[in-house]
Amino acid sequence: MRKGIRIDLAPQPPLRVSASGGGWRVRFGLTSLALAAIVGSTLALSSLRPAPVKPVETYERKCSSCHGKEGAMLERGFEKKYASASELREVVESMPGAIGMRAEELDVMVAYMRAVSRGEPFLVWTERSANRLEGEVSPGGATVRATAKRQNLKVTRPSANRWRIELPRDIKLEDIEITAQRGAGRATLRLRESPYSHTK
Ligand code: HEC
């Protein structure tokens, strides 16, 4: 039997902590900010990490043959058919393209599907190097902007579904806010909260 406890203090975004030694797996549904406040310095805010999967690319590769580019063939509002977040998760988990996906990866795919269901743009941070951040946006037609404490950051688009931010010196990841807009639909991603939008 799997040893573990699960603590859900708030629905999302997910952040998992594995304590070394006992094999216990503690799952906090808390923002990293709130979690950092609880555990103090052991999880400093600078521990922000990108998402464990590139959901937009993965979707196009594994799911779009049945559901259309950027979810075009999924019914708008399909999310409402499911009584709970875990039911929606189960459906995604049962998809042929989801075989072998780790739980953390599945969480990101489910978030993307929520955005598709709501007809809103989806944003995810997927990579970090010394002075740049990269991620994905869907649909590719959405406009992406980024700020850090009201300072506008330069955003480039290596391809329709990708964004890149060159980081000025002394910028804190925790201060970065990215928005995607398309028509009236808008997504806001605060890196201090989660590496992807639509966590709930
Ligand atoms: C071989 C075709 C096929 C592939 C590939 C596939 N799906 Fe599906 N998907 C279906 C079918 C058929 C349904 C409806 C039946 C069901 O609910 O099980 C469905 C239902 C869904 C739903 C619920 C839609 C609704 O209206 O309730 C979501 C969300 C979804 N798929 C996401 C995904 C994701 C994400 C992937 C890739 C990881 C994926 N699917 C890959 C065939 C596919």
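This is a predicted model: local features need pLDDT of at least 70, side-chain atom pairs count only at pLDDT 80 or more; totals for chains, interfaces and linings use all residues.
Four helices each supply at least two residues of the shell around the ligand: helix 2 (55-62), helix 3 (64-67), helix 4 (85-93) and helix 5 (103-118). Helices here are DSSP runs of H or I with at least four residues, strands are runs of E with at least two, and both are numbered from the N terminus. Residues are numbered from 1 along each chain as its sequence is written.

Let us stay with the ligand. Which helix gives the largest share of the shell? Helix 3 does, with 3 residues. Of the 18 residues around the ligand, those that come nearest are Cys63, Cys66, Phe78, Met95 and Gly97. A residue counts as near a molecule or strand if its C-beta atom, placed from the backbone, lies within 6 Å of it. Sorted by class, the shell holds 12 nonpolar, 3 polar and 3 charged residues. In this scheme Ala, Val, Leu, Ile, Met, Phe, Trp, Tyr, Cys and Pro are nonpolar, Asp, Glu, Lys and Arg are charged, and the others, Gly among them, are polar.

I turn now to a pair of helices. Two packed helices are described by the angle between their axes and the distance between the axes. For helix 4 and helix 5, the axes come within 10 Å and cross at roughly 110°. Helix 4 is therefore roughly perpendicular to helix 5. The axes are lines fitted to C-alpha atoms, for helices over the stretch in contact, and angles run from 0 to 180 degrees between N-to-C directions. Angles under 35 degrees count as roughly parallel, over 145 as roughly antiparallel, 65 to 115 as roughly perpendicular, and the rest as oblique.

Which residues meet here? From helix 4 they are Leu88, Arg89, Val92 and Glu93, and from helix 5 they are Leu106, Met109, Val110 and Met113. By class, this contact of helix 4 with helix 5 has 6 nonpolar, no polar and 2 charged residues. Two residues are in contact if their C-beta atoms, placed from the backbone, lie within 7 Å.

Glutamate 90 also belongs to helix 4. Although 20 residues separate glutamate 90 from valine 110 in sequence, their C-alpha atoms are 9.4 Å apart in space.

Leucine 74 sits in the loop between helix 3 and helix 4. Leucine 74 counts as partly exposed because it has 16 C-beta neighbours inside 10 Å. Apart from its neighbours within four places in sequence, leucine 74 is in contact with His67, Val116 and Ser117. From leucine 74 to serine 117 there are 43 residues in sequence, but 7.4 Å in space, C-alpha to C-alpha.

Two strands pair if DSSP finds at least two bridges between them.

Strand 8 and strand 9 form a hairpin with 2 residues between them. In strand 9, arginine 164 is the bridge partner of glutamate 134 and also of threonine 156, while isoleucine 165 is the bridge partner of valine 155. The covered face of strand 9 has Trp163 and Ile165, and the uncovered face has Arg162, Arg164 and Glu166.

Another open sheet of 4 strands has the order 7-6-10-11, again with antiparallel pairing. Here strand 7 (151-153) and strand 11 (185-190) are the edge strands. Strand 10 (residues 176-182) is joined to strand 11 by 6 bridges, and isoleucine 178 stands opposite leucine 189 in strand 11.

Finally, the chain as a whole. The chain has 5 helices and 11 strands, and 30% of its 200 residues count as buried.

Terms used:
A residue is buried if 20 or more other C-beta atoms lie within 10 Å of its own, exposed if 12 or fewer, and partly exposed in between; C-beta atoms are placed from the backbone.
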